[in-house]
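Dear colleague,

Please find the structure below, handed over for your reading. The notes that follow set out what was found in it.

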Amino acid sequence: MDTFIQGLVQGLAIGGIYGLITMALTAVYSVTRLLNFAHGDLMVIAMYLALTGVRWLGIDPYLSILVIAPLMFGFGIALFHLVFERVLRAHVLLVVQVTLGLGFVIQSALLMIFSANYQTVQSFLTGRIIVLGQIVFQATFLVAFVVSVLLALLFFWMLNRTTFGRKVRAVAEDPVAASLCGISVRWVQMIVFAGALGTLGVVGPLVAPVFIVEPTLGLHLTLVAFIVLILGGVTNFIGTFVAGVIIGLAEALGGLYMSPPEFAGILPYGIFILFLLLRPSGVLGR
Amino acid sequence: MKKYIPIMVFFVCGAIFSMVADNYWLDIMVFALWYAYLCVTWNIIGGVGGQFTFAHPVYVAIGGYTSSLLFNHLGVSPWLGMFLGMALAALLAMLLGWINYRRRLPHLTFALITLAITFVAIIVLRSSHFLGGSEGIFLQRGNDPLTFRFFNKQVYFWIILGATCLVLVFVTWFSRSMTGFKLIALRDNEDAAAMLGIDQLKMAMMFSAISAALGAFGGTFYAQYLFVIDPTVASSHLAVEIILFTAIGGMGTVWGPVLGPLAMVVLIRYLNAEFVNISGLGQVVYGVIIIVVLVVLKDGVVSWGGRKLAQQTSKLKIREQRQ
Amino acid sequence: MLEIKGLVAGYGGVRILHDVSMTVGSTEMVALLGSNGVGKSTVMKTISGLLRSTEGSIKFEEREILRAPPEDIVEAGLVLVPEGRRLFKGMSVLDNLLIGNTVRHAQPRRKELLDKVFELFPVLATRQLQAAGTLSGGEQQMVAIGRALMAAPKLLMLDEPSLGLAPALTHQVFEALRVLNKEPLAILVVEQNVSIALAACERGYVLEDGSITISDSAEALRKDDGIRKAYLGA
């Protein structure tokens, strides 16, 4: 029973993180209708930046967020202007190709710089555990989860209670009408995109001590994000978070009870495929 | 008959090349042609058919693993074993095609399912002892034509060249005469769908099967050339490469999936050789090139070129009419 | 205030407008008439920046706006209430109105403008927090106009405001437009409903075959036999 609760808690924590990662993807999709296949790879960049901070500068990953997040935000603005802005009105498949290419470049660059070795990132919390009753958490895990939830709440607040959030909702619903109201749709798209990358710039270093860092993690994360996106309902942010939790739980509990344990990796994909077979049109539409 | 001339020219060029090239270059071009083969066979269903899929490497793996296992355990020649591999791959493809059409899955959803399948495939391959685990399956080196094993690289070159040309012949044949197939790509068009009805489903499944079966042969070839096959051949990495190479060449064109990989593989090998110290630079460079081409042209090179040519000819026609 | 000369526009290589020229004075209420599909909406879309035109000139307060993006045109004071209203159905009435208040020069006047809208359309005040999509057609049209007014326009354009509205509501809407026009606020209306348009406006243009064929006072147009036969069924 204890291991079950342990698995449950771990699944919830991972799930919350997945939920946040996907919300960033969803936000970009809602205002640009772009599906960024490089989403995961972009987060991996942030993870490697954290790694660099630890190895070469001795800075704790949590501290390096202060630098990495703004850096990623700026990178997002540059990337938007150089690549995404130009393919905004192109055919969906072209966007997939371009973002696949981008992810590929990122992965190859990371491979080139850091090699394919699995890396771990140490933080001051590594190895520390927190005990609540019968359950033992890794501190790094807990911090990652709590911050993810906080960021998600912050996002909801921004969306529903600020002027900018109102603009985002308008652009997401009807960009033409939004422009007729004087909103610069391009600018909103750019800020949301950069903001998503900035979020990844926070989540990356946050989970670097939790995940194993290696260059191919990117596409895997992207796929999980897409799975969570589709399961959660594309325009429904809360649904996204819940779906993230479900996937996280599936992974964690699967890892506990399946044999061989590596097979647990199949569970999210299995759920995804089953879901799509039972709910034919998927929630995505295109 | 005229439309097959470029293919004949291509074949002849390849033949000449094989006779003058040294082993180093033969090796590079075997790989380049292998990629071209994979891209052309993928394009049948991915670029032209509108079923954007990441699953091609899985078919490659099925082909390679099946023929290799049959050879190692039962002594069956890969020339025969490959047909079983092709059949299995075709079955999987038909299943996916059926799901795609019966469920009317959106393009993206189907693409994601196929991506998920590559991940599942790798996990399965890695975890299975029978399938060789992470190491894969090794084949005994030898020089025995009957069992698809040769010391001479030239032979492999001829085989892959021939295979690629045959597939090109097939693609040229159906892309000109079977315009109905193109309508599959317009699957979202309700009127066309109503008109074609069941035929659409049959055609989709048939072409999926063909594409997969041909891809499976690519797997057998790979195993026989390297004398080993391992899980990386089923990876999403290869799937992305196939998609990107085809994209830069031009999706849905006949020659796009040939020129794209030929150019890129040669480029990578060259870069990796020049910059041996920075391993992996080649990948980064060609990735950037692909992005730039796609963003600027909004299309692959061959398709873009085709459009420009069409515009020029129509401009000339208008000018003629004005006079 | 608004001066259009020789405007050419179309979609994907197909020319809809060949040579459109019209003007709207700073206190006028002008109608743009024409049969279905002739290109009236195209004119509106081009003026508001949604559609790119290659030839011609559109000047607003002496400034050329032919190639300006939509948000700049709204900023300049030229606001369109689009065909079909295009409200943000998922958002509340209040949010829809507040979105309208995005332009910089209108923001300081937010409270004042909001009060004005509620004064003009009292029913909206009672439905402030309701989702815009749940309102009736007439109320939605009011929200759409209100949203445009929140941008403090100098010239208000409306594309088929009577579409889908019962006659009583149409009269209500045009009554409100008349009130607004007296402030003064220049208004340009595209309308299928010729009689009500000519009753409210002082001048009218008729669009035919991609260009303006008739330009006259509303009075004269009402009496014109050709107009009466074509559009008023008389």
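A crossing of two helices is called left-handed if the near helix is turned anticlockwise from the far one by less than a right angle, and right-handed if clockwise. The model is a predicted one, so local features need pLDDT of at least 70 and side-chain atom pairs count only at pLDDT 80 or more, whereas totals for chains, interfaces and linings use all residues. Residues are numbered from 1 along each chain as its sequence is written, and chains are lettered from A and ligands numbered from 1 in the order in which they are written.

Helices (H or I, at least four residues) and strands (E, at least two) are DSSP runs, numbered from the N terminus. Two packed helices are described by the angle between their axes and the distance between the axes. Here the axes are lines fitted to C-alpha atoms, for helices over the stretch in contact, and the angles run from 0 to 180 degrees between N-to-C directions.

Helix α3 (residues 61–87) of chain A packs against α8(A) at an angle of about 150 degrees, and their axes are 7 Å apart. The crossing of α3(A) with α8(A) is right-handed. The residues of this contact comprise 21 nonpolar, six polar and no charged. In this classification Ala, Val, Leu, Ile, Met, Phe, Trp, Tyr, Cys and Pro count as nonpolar, Asp, Glu, Lys and Arg as charged, and the others, Gly among them, as polar. Two residues are in contact if their C-beta atoms, placed from the backbone, lie within 7 Å.

The crossing of α5(A) and α8(A) is left-handed. From α5(A), the contact involves A:Ala144, A:Val147, A:Ser148 and A:Leu151, and from α8(A), A:Thr199, A:Val202, A:Val203, A:Leu206 and A:Val207. These residues divide into seven nonpolar, two polar and no charged.

A:Val210 lies in the loop between α8 (185–207) and α9 (217–232) of chain A. Is A:Val210 buried or exposed? A:Val210 counts as buried because 21 other C-beta atoms lie within 10 Å; the cut-offs are 20 or more for buried, 12 or fewer for exposed, and partly exposed in between, with C-beta atoms placed from the backbone. Neighbours within four places in sequence aside, A:Val210 is in contact with A:Thr140, A:Phe141 and A:Ala144. The C-alpha atoms of A:Val210 and A:Gln122 are separated by 9.1 Å, although these residues are 88 apart along the chain.

How the chains meet

Of the two pairs of chains that touch, chains A and B have the most contacts. Their contact brings together 40 residues of chain A and 36 residues of chain B. On the side of chain A, the elements that each supply at least two residues are α3, α4 (92–114), α9 and α11 (266–278). The most comes from α4(A), with 14 residues. By class, this side of chain A has 29 nonpolar, eight polar and three charged residues.

The contact of chain A with chain C takes 13 residues from chain A and 20 residues from chain C. On the side of chain A, α6 (163–173) and α7 (175–180) are the elements that give two or more residues. That side has six nonpolar, three polar and four charged residues. No contact joins chain B and chain C, and their closest C-alpha atoms lie 14 Å apart.

Chain B

Chain B has 13 helices and two strands. Of its 323 residues, 49% are buried. Among contacts in chain B between residues at least 6 apart in sequence, 78% join residues at least 24 apart.

Backbone features in chain C

C:Glu62 is not a glycine, yet has a positive phi of about 75 degrees. C:Glu62 is in the loop between β4 (55–60) and β5 (63–64) of chain C, and it counts as exposed because it has 7 C-beta neighbours inside 10 Å.

C:Arg85, also a residue other than glycine, has a positive phi near 70 degrees. C:Arg85 is placed in the loop between β6 (78–81) and α3 (93–100) of chain C, and with 24 C-beta neighbours inside 10 Å it counts as buried.

A cis peptide bond, with omega about 20 degrees, joins C:Glu183 and C:Pro184. C:Pro184 is in the loop between α7 (167–181) and β8 (186–190) of chain C.

With kind regards
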